[in-house]
Protein chains: 4
Amino acid sequence: MAIVLGPNRYGKAEVRVVRVTRDGGTHRIRDLNVGVFLSGDMDDVHLTGDNSAVLPTDTQKNTVFAFAKKYGIGEPEEFGLLLARHFVDSQPAVHHARVRLEEYAWDRITGPHSFVRGGTEVRTALVHSDGSGGSGGSESVVSGLRDLTVLNSTGSEFHGFAQDGFTTLEPTDDRVLATAVTARWRHRGTGSDWDASYAAARAALLDAFATTHSLSLQQTLYAMGRRVLEERPELCEVRMSMPNKHHFLVDLAPFGMDNDNEVYFAADRPYGLIEGTVLTDDAPDAPSAWQ
Amino acid sequence: MAIVLGPNRYGKAEVRVVRVTRDGGTHRIRDLNVGVFLSGDMDDVHLTGDNSAVLPTDTQKNTVFAFAKKYGIGEPEEFGLLLARHFVDSQPAVHHARVRLEEYAWDRITGPHSFVRGGTEVRTALVHSDGSGGSGGSESVVSGLRDLTVLNSTGSEFHGFAQDGFTTLEPTDDRVLATAVTARWRHRGTGSDWDASYAAARAALLDAFATTHSLSLQQTLYAMGRRVLEERPELCEVRMSMPNKHHFLVDLAPFGMDNDNEVYFAADRPYGLIEGTVLTDDAPDAPSAWQ
Amino acid sequence: MAIVLGPNRYGKAEVRVVRVTRDGGTHRIRDLNVGVFLSGDMDDVHLTGDNSAVLPTDTQKNTVFAFAKKYGIGEPEEFGLLLARHFVDSQPAVHHARVRLEEYAWDRITGPHSFVRGGTEVRTALVHSDGSGGSGGSESVVSGLRDLTVLNSTGSEFHGFAQDGFTTLEPTDDRVLATAVTARWRHRGTGSDWDASYAAARAALLDAFATTHSLSLQQTLYAMGRRVLEERPELCEVRMSMPNKHHFLVDLAPFGMDNDNEVYFAADRPYGLIEGTVLTDDAPDAPSAWQ
Amino acid sequence: MAIVLGPNRYGKAEVRVVRVTRDGGTHRIRDLNVGVFLSGDMDDVHLTGDNSAVLPTDTQKNTVFAFAKKYGIGEPEEFGLLLARHFVDSQPAVHHARVRLEEYAWDRITGPHSFVRGGTEVRTALVHSDGSGGSGGSESVVSGLRDLTVLNSTGSEFHGFAQDGFTTLEPTDDRVLATAVTARWRHRGTGSDWDASYAAARAALLDAFATTHSLSLQQTLYAMGRRVLEERPELCEVRMSMPNKHHFLVDLAPFGMDNDNEVYFAADRPYGLIEGTVLTDDAPDAPSAWQ
């Protein structure tokens, strides 16, 4: 029995870069959090401390800033692809690059150069590349969002569930349904209109949440993922993680009051957690695209 | 020399209550985080464990929910006043109540009962009361917000500052100015139109931030507070805490690039912190209103 | 009615400095988070943006690092006093300095230079100074800690409390009592043996928590503060904030089980919050020492 | 092209249970955070909202509490196995259970029933089961820890690395090396002496960190994983994620001072991130054990 090195990667996490672009006196900004992670021929550094294959994480950080200058920052997916290809193409020992991006939204206040952080959700992207010369399957782009918090104050039921000796939950035909959506969707290729695709996918998620009469959070999750795929042919798979942010109806009977779905206690922990995948039956296999 | 009990208070923190109101089939929701803190004749419980003056914090929590049913939840300041007066009026040992509220904003999606969390800032209120029979000065209301994150991508300078042997900062006549505003404002009375006042104060802060050409963050802070007071006669004092969320211009010269205020690194720690008060010269003295 | 500037201060928050000291081959480290806040003749910067009185917060940060080199970092209170006096003594416009410190504990692993973060609590200090030439009352030191999480699994009761129409809590003569202690204590002077004083105060808090049979958390809080003052004559006042980290006995009756104080649910929100002061009757008045 | 349901699971996250055991008058406590996640024949609930296969997450929570009473809580891995097997064995539609556990350490203060939270790290466990009747490969246990923060103040170098046009980092032969270890290790079977194994693996990680002269964080990571496997034959694979918590030597030259590895700035973001696997060459394949 021998002890050996298994899969590994290294990189720079959470490079916070803000790019200002001037269109005459009018400014635009894009605000990203970028992580770069590289893998390849890295046995020596682990086994002997020989760093000759290791491009420093400090260099990776510098590259993020330099590319922000050189290419600007447009859509995060595109910026991620530029970075990922660069590292694989330019470093012989690097065979694979993974770039993780978050984008924070800013709305305009008044005037040409003033902004206020907008929305509560964060746009995300995850890019994998084996290099710009790679053939089919060697690159993947997953877009998404997190912390999109939504609530339906009615139109949600939960009954007919399995029961055992530890079941005390009462069935209900009218409850509050609330969740903080984390959703990610995989593109078929690397040439989507990223900003338009993101806006449409986000809108599809919101609309499906609002218009689905829910018998369970699982049903709602599936409806949301399905809607995204129905509307966006450039996508082939959606993965979602949705905590059930329980809103418990408060028992006001001890105070001589009824509570006709009016007063809720918003609980923190524990919480239900529903996770699921919706995909097209022709989606190419790409499990590593999500990691 | 004797050891004695000094100022004290107790209560229930972070009661998360969501109130649904139905107007026909159309729902409205208000979502609060409420803390109640009581003080008065509480020597015995500290010195001997005699709880006869102690209304349980569990009861305070129940009261928040019961009042949400009985009175509804309209403006947070008004809900806080109802609660504060109740505890002082009904509990002989309680001479003072302090109610701290946060409100989370929800925007409509589509349909009559679907919502998405909106904005990044949280609305706040702090209410003090010695009871509904109290005379002048016995009640106070401070409204406010936190986490209103704003950025000017130009129109900000910083130079002409004091220097000593530890000064290395270069003066600049064009920098990014960004901050996460925590602001609170004191009302002259307890009868303001709370929602309208809040919306106007928030708008004044944003507009003053955007339209003030800044020579220092202190100057911007003062301009923001001043604008609120100029526009809102029901207010007499504004207190602000504004971290300088440094955006450092990245040095790209090692890569043969200039950086004409295009690429910034958004830093976390350390950060400048500017705190200040703006008030009218006829503001009644009420330091305890802020605690 | 005029609008005027009120109290204000500015500075650099969260300067994270680690100081290594070598005693032969054996290393010692101290790990601080330092905030410096200055006030004085700062009207001009607020009203007109004239920065001539403003020592940059960047310079304050530099000074923290330079002082760590020049004087070493011993006890945080002493380091805070050095910094506070420096700014007031050297800057004509600065009349008052406030230094806030946190210290993170490290324990040795094996060997002379390897450490593991120890304890869950953070040591704190708050230093105010009007300068080294100041007369009586012009300096103050408050030491303390936060996040000292403790639990008694029995020896705690709660009954005999006030009741009203919203009370549903059952009295108990055996409950779990748990809290995360934030405590701060004021020194009479500026010459305490800071490390010894801290260790003894922390031990007194823990011992009083463990050995007090509790009829209420208020009683426990008072006993803890009293014990600190009884044992440490260099201290004159203790302020504590102690959340009641509720551990609710789970109702297992629906499953045919009793629960003889064996299985608890550790709840997050809402929580009781007890805040109180214990002081000696000869403590000099110094409310601003705590701010 | 059709849209179909892919992999999914659901459960209750973050059930906070504290179990008190009395040995005469002496109490012992174990404090867990438990998450249960189930998967199996769950198509109907997603596609039509038919809940007949869905054991409510509320029931899962109840089961955690009831099992804490019935079986006590000893080692977290054992408690997780009991829970996982129960759900698969008793629910026809559930074919697989995953239980995630965190344990918080408590040290004794004085007396038989008083405790203080100890350590900064959290012990973790991840259990998968296809049921107690399952044959080989149907169960897996991964133990671990997170937030074990360690620092070497010397004995770390970094030089000889790859360079490109974006490299500005200076090589060093003496730096501070600090990280917050997240490590997980897979057991060969389900019958380890869990507490003893955990204590030994944690000690091995600490000792290897302290005694490895480091040429790179990758080398240190590999040495730590290797040491665990060398010492613990019941384990076959270790996965680690170690952020490089950069401590930058402060440039004090502008103030006329040298800095002979004495004063460091502890930075937050960005940070290096090293992730790697060490395993025995006879480790059975079980990628799903880690998910």
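Biologist: Why is the meeting of the side chains of C:Asp258 and D:Lys69 called a salt bridge?

Modeller: A salt bridge requires a side-chain nitrogen of Lys or Arg within 4 Å of a carboxyl oxygen of Asp or Glu. The N to O value for C:Asp258 and D:Lys69 in this predicted model is 3.1 Å, so the pair meets the rule. The count between chain D and chain C is eight salt bridges.

Biologist: On what basis are the values taken?

Modeller: The model is predicted, so local features need pLDDT of at least 70 and side-chain atom pairs count only at pLDDT 80 or more, whereas totals for chains, interfaces and linings use all residues. Side-chain values use heavy atoms, with hydrogens and water left out, residues are numbered from 1 along each chain as its sequence is written, and chains are lettered from A and ligands numbered from 1 in the order in which they are written.

Biologist: What makes a residue of chain D part of the contact with chain C?

Modeller: Contact means heavy atoms within 4.5 Å. The contact takes 51 residues from chain D and 51 residues from chain C. The area buried between these chains is about 4,500 Å², of which carbon and sulfur atoms give 63%; buried area is the accessible area (1.4 Å probe) that two parts lose on being put together, summed over both. In chain D, the residues that lose the most area to chain C are D:Lys69, D:Leu151 and D:Glu262, together 13% of what that side buries.

Biologist: How do you know that S1(C) and S11(D) pair?

Modeller: Strands (E, at least two residues) are DSSP runs, numbered from the N terminus, and two strands pair if DSSP finds at least two bridges between them.

Biologist: Which strand of chain B pairs with S1(C), and in what sense?

Modeller: Strand S12 (residues 271–280) of chain B pairs with S1(C) in the antiparallel sense over nine bridges. There, B:Thr280 stands opposite C:Ile3. The contact of these chains takes 75 residues from chain C and 74 residues from chain B, and the area buried is about 6,200 Å², with 57% from carbon and sulfur atoms.

Biologist: Why do B:Arg9 and C:Glu275 count as a salt bridge?

Modeller: Their closest N and O atoms are 3.0 Å apart, and the pair therefore falls under the salt-bridge rule. Across the interface of chain C and chain B the rule finds four salt bridges.

Biologist: What is counted between the two domains of chain A?

Modeller: The assignment, which is automatic or from a database, gives domain 1 (8–134) and domain 2 (144–291) of chain A. Their centres, taken over C-alpha atoms, are separated by 30 Å. In contact are 17 residues of domain 1 and 17 residues of domain 2, and the two domains bury about 1,400 Å² between them, 43% of it on carbon and sulfur atoms. The count between the domains is four salt bridges.

Technical notes: Helices (H or I, at least four residues) and strands (E, at least two) are DSSP runs, numbered from the N terminus.
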